[in-house]
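Dear colleague,

I am handing over the structure below, and after it you will find my notes on what came out of the analysis. Please read them alongside the coordinates.

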Amino acid sequence: EYKGVQMEVLGEGRYWLNPWNWDWEIAPQPEIPQGRLGVRVRLYGDPLPYGELIAREPGQKGIIPDVLRAGRHAINARVDGQPERRYDSYAEMIEIHDPVVIPAGYRGVVTSLTGPMPKNPNVLLVEPGERGVQKTTLGEGTKYINPYMVRINLVDCRSQRFNLSTGGEMGFPSKDGFWVSLDGIIEFRIMPDQASQVFVTYNDISN
């Protein structure tokens with residue numbers, strides 16, 4: 001009943017609209033490429049509360065929690081990398097992102113980027129639903145997750161070897177002052193149920 005761009009779009013078919021009362025524009029449906037995901041950003045609605053990043057309510061402006069999978073979607077939105085329409089009448093924007101792939105032998109450490117702050121700020125791992133590094137990790141597979149809500153870091157839980165002759169030197173001085181070197185191979189692995197704690201404790205993404 002209001003004048004302006006309507007929120008709902010028309011799908012395929014034939015419609016009898018009075019051109020004196022309505023104007024319309026035929027545009028291609030937003031398409032998410034295969035093997036990728038789309039993050040929706042709502043351009044209309046009420047502003048978010050202070051400190052919030054995600055539009056959790058239908059009438060709020062901002063990033064929508066749910067992601068779009070590959071395919072066509074009947075949404076009035078502009079997609080990154082696709083041609084713009086003649087009129088700037090978009091209701092949403094869609095950002096294209098890659099899903100997170102967790103290989104075999106790895107665990108995905110989940111860091112929640114939104115939500116309430118942890119009740120106990122002096123802990124390494126937070127409770128479910130709180131902002132911070134979660135205790136529960138993700139197993140192997142492809143995860144279609146909103147990157148503005150969750151960050152996933154990979155931790156290698158496979159058996160690894162450290163050769164003392166090439167990767168470092170271990171030894172001790174003798175009583176007469178000569179250095180005695182030890183040669184050997186250290187084999188180790190990270191326990192999958194402790195991947196989050198190891199990641200936070202050592203805080204080394206590259207290793």
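**Notes on the structure**

Asn 146 is buried, as its relative accessible area is 3% (buried means under 20%, exposed over 50%, and partly exposed in between, with a 1.4 Å probe and protein chains only). Please note that this is a predicted model, in which local features need pLDDT of at least 70 and side-chain atom pairs count only at pLDDT 80 or more, while totals for chains, interfaces and linings use all residues. Residues are numbered from 1 along each chain as its sequence is written, and side-chain values use heavy atoms, with hydrogens and water left out.

Asn 146 sits in the loop between β10 (141–143) and β11 (150–156), where strands are DSSP runs of E with at least two residues, numbered from the N terminus. A polar atom of its side chain lies 3.3 Å from the backbone oxygen of Pro 65.

Turning to the sheet, four strands form an open arrangement in the order β3-β2-β6-β5, with mixed pairing; two strands pair if DSSP finds at least two bridges between them. The edge strands, each pairing on one side only, are β3 (62–68) and β5 (77–79). Strand β2 (residues 37–42) runs antiparallel to β3 and is joined to it by four bridges, and Gly 38 stands opposite Leu 68 in β3.

The count of salt bridges comes to six, each being a side-chain nitrogen of Lys or Arg within 4 Å of a carboxyl oxygen of Asp or Glu. In one of them, Asp 98 pairs with Arg 36, and the closest N and O atoms are 2.8 Å apart. Because Asp 98 lies in the loop between β6 (92–97) and β7 (100–102) and Arg 36 in the loop between β1 and β2, this pair ties together parts that are 62 residues apart in sequence. Asp 98 is exposed at 51% relative accessible area, whereas Arg 36 is partly exposed at 29%.

Another salt bridge joins Arg 40 and Glu 92, with the closest N and O atoms 2.7 Å apart; it links strand β2, which holds Arg 40, to strand β6, which holds Glu 92, across 52 residues. Glu 92 counts as buried, at 5% relative accessibility. Arg 158 forms a further salt bridge with Asp 156, the closest N and O atoms being 2.9 Å apart; here Arg 158 is partly exposed at 41%, while Asp 156, at 18%, counts as buried.

With kind regards

Conventions: Polar contact = N/O pair within 3.5 Å; in protein donor to acceptor, adjacent residues only side chain to side chain.
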